[in-house]
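Work through the exercises below with the model open. Try each task before you read its solution.

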Amino acid sequence: MSKFLNQFKSTESWVFDLDNTLYCASTNIFGQIDVRMKSFISELLDIEPDKAHKIQKKYFHDYGTTLRGLMDRHNVNPKSFLDHVHDINIQDLKPNLKLEKSLHKIPGRKIIFTNADVNHAERVMKRLGIIDHFEAVFDIVACNYIPKPEPQAYLDLISHFDLDPKKTVFFEDMARNLKPASD
C-alpha cells in the first residue's frame with residue numbers, strides 16, 4: 001500500500017463511486033436495483049416488464065441515468081423513483097475489513113460521488129463498515145439530478161468541495177464516467 005501511496009504523494013482528495021466500485025459486482029446489489037427500475041417503469045407506464053426493461057436501458061443510454069429519462073419524458077418524482085429502486089436487500093454485503101484498513105491508510109479527504117442517493121450510499125457504507133472514512137456523499141440530488149457522465153456533475157462536485165482536480169484521484173467502475181472526470 002505504501003508503494004501505491006508514494007505514487008500519489010500530491011493527492012489531497014480521493015473521490016469514489018459507490019455501486020460496483022466499493023463492493024464487488026458479484027454481490028448483485030446493482031442487479032436488484034436493475035429489477036426494481038424495471039418494475040417501477042412497468043407499473044408507471046402500465047407495460048410488460050420486457051418492454052419496461054428496453055425503455056430503462058434506452059433512457060440510461062440517452063440520458064445518463066434511467067431516472068433522468070423518466071423525469072424528462074414522464075415527469076417522474078425523483079424521490080419516489082429513488083426510494084423504490086433502492087428498497088433492496090443488502091445482506092449479501094459483508095463488512096470489508098481489508099477495504100476499511102486500506103481507506104484508513106489513505107491520507108486526505110475521501111468523498112463518495114454517486115448517481116444514487118445519500119440514503120442508499122450511507123446504507124451501503126454502513127454495511128461495509130467504511131462510513132467513518134468519508135467526509136461526505138455527493139449524490140444525484142446534490143447534482144440537481146444531472147448524472148455522471150455529464151460534465152456539469154463533475155463541475156458541481158469540484159465547486160461544492162473546492163477540489164483541485166490535479167490533486168484528486170477518482171475511482172469509478174464505468175469507463176464512460178472516467179473521460180469527463182479526466183477532462
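**Exercise 1. A histidine in a loop**

Which residues does H86 touch, not counting residues up to four places away in sequence?

Solution. Remember that this is a predicted model.
- Step 1: Locate the residue. H86 sits in the loop between α5 and α6.
- Step 2: List its partners. H86 touches I33, A116, D117, H120 and R123.
- Step 3: Look for a polar pair. The side chains of H86 and D117 are joined by a polar contact of 3.5 Å.
- Step 4: Judge burial. The cut-off for buried is under 20% relative accessible area. H86 has 11% relative accessibility, so it counts as buried.

**Exercise 2. A threonine in another loop**

Decide whether T27 is buried or exposed, and find its partners.

Solution. 
- Step 1: T27 belongs to the loop between β1 and α2.
- Step 2: Its relative accessibility is 18%, so T27 counts as buried.
- Step 3: Now check its side chain. A polar atom there lies 2.9 Å from the backbone oxygen of C24.
- Step 4: Leave out residues up to four places away in sequence. T27 then touches D92 and L93.

**Exercise 3. Two packed helices**

Describe how α2 and α4 pack.

Solution. Two packed helices are described by the angle between their axes and the distance between the axes.
- Step 1: Find the helices. Helix α2 covers residues 29-45, and helix α4 covers residues 66-74.
- Step 2: Read the geometry. The angle is about 10°, and the axes are 12 Å apart.
- Step 3: Classify the angle. Angles under 35 degrees count as roughly parallel. Therefore α2 is roughly parallel to α4.
- Step 4: Name the contact residues. From α2 come M37, F40, I41, L44 and L45. From α4 come T66, L70 and H74.
- Step 5: Sort them by type. The contact has 6 nonpolar residues, 2 polar and no charged.

**Exercise 4. The buried side of α4**

Which residues of α4 are buried, and which helices do they pack against?

Solution. 
- Step 1: The buried residues are T66, L67, R68, G69, L70 and M71.
- Step 2: They pack against α2, α3 and α5.
- Step 3: N75 follows α4, and its phi is positive, near 55°.

**Exercise 5. A leucine of α2**

Is L45 buried, partly exposed or exposed, and what does it touch?

Solution. 
- Step 1: L45 lies in helix α2.
- Step 2: Its relative accessible area is 26%, so L45 is partly exposed.
- Step 3: Not counting residues up to four places away in sequence, L45 touches I55 and H74.
- Step 4: Compare sequence and space. L45 and V141 are 96 residues apart in sequence and 24 Å apart in space, C-alpha to C-alpha.

**Exercise 6. The nonpolar cores**

Which residues of the largest nonpolar core touch the most other members?

Solution. In soluble globular proteins, nonpolar side chains tend to be buried together.
- Step 1: The largest nonpolar core has 38 residues. F16, L22, F81, I112, I130 and F134 touch the most other members.
- Step 2: Find the contributors. β1, α2, α3, α4, α5, α6 and α7 each give two or more residues to this core.
- Step 3: Find the largest share. It comes from α2, with 5 residues.
- Step 4: Zoom in on I112. Leaving aside neighbours within four places in sequence, its contacts are F16, L18, L22, M125, F134, A136, V137 and F138.
- Step 5: Look for another core. A second, separate core has 12 residues, including A136, C143, L157 and L163.

Note on methods:
Residues are numbered from 1 along each chain as its sequence is written. This is a predicted model: local features need pLDDT of at least 70, side-chain atom pairs count only at pLDDT 80 or more; totals for chains, interfaces and linings use all residues. Side-chain values use heavy atoms; hydrogens and water are left out. Axes are lines fitted to C-alpha atoms, for helices over the stretch in contact, and angles run from 0 to 180 degrees between N-to-C directions. Helices (H or I, at least four residues) and strands (E, at least two) are DSSP runs, numbered from the N terminus. Angles under 35 degrees count as roughly parallel, over 145 as roughly antiparallel, 65 to 115 as roughly perpendicular and the rest as oblique. Contact means heavy atoms within 4.5 Å. Ala, Val, Leu, Ile, Met, Phe, Trp, Tyr, Cys and Pro count as nonpolar, Asp, Glu, Lys and Arg as charged, and the others, Gly among them, as polar. A nonpolar core is a set of buried Ala, Val, Leu, Ile, Met, Phe, Trp, Tyr and Cys residues joined through side-chain atoms within 4.5 Å. Buried means under 20% relative accessible area, exposed over 50%, partly exposed in between (1.4 Å probe, protein chains only). A polar contact is a pair of N or O atoms within 3.5 Å; within protein, one must be able to donate a hydrogen and the other to accept it, and residues adjacent in sequence count only if both atoms are side-chain atoms.
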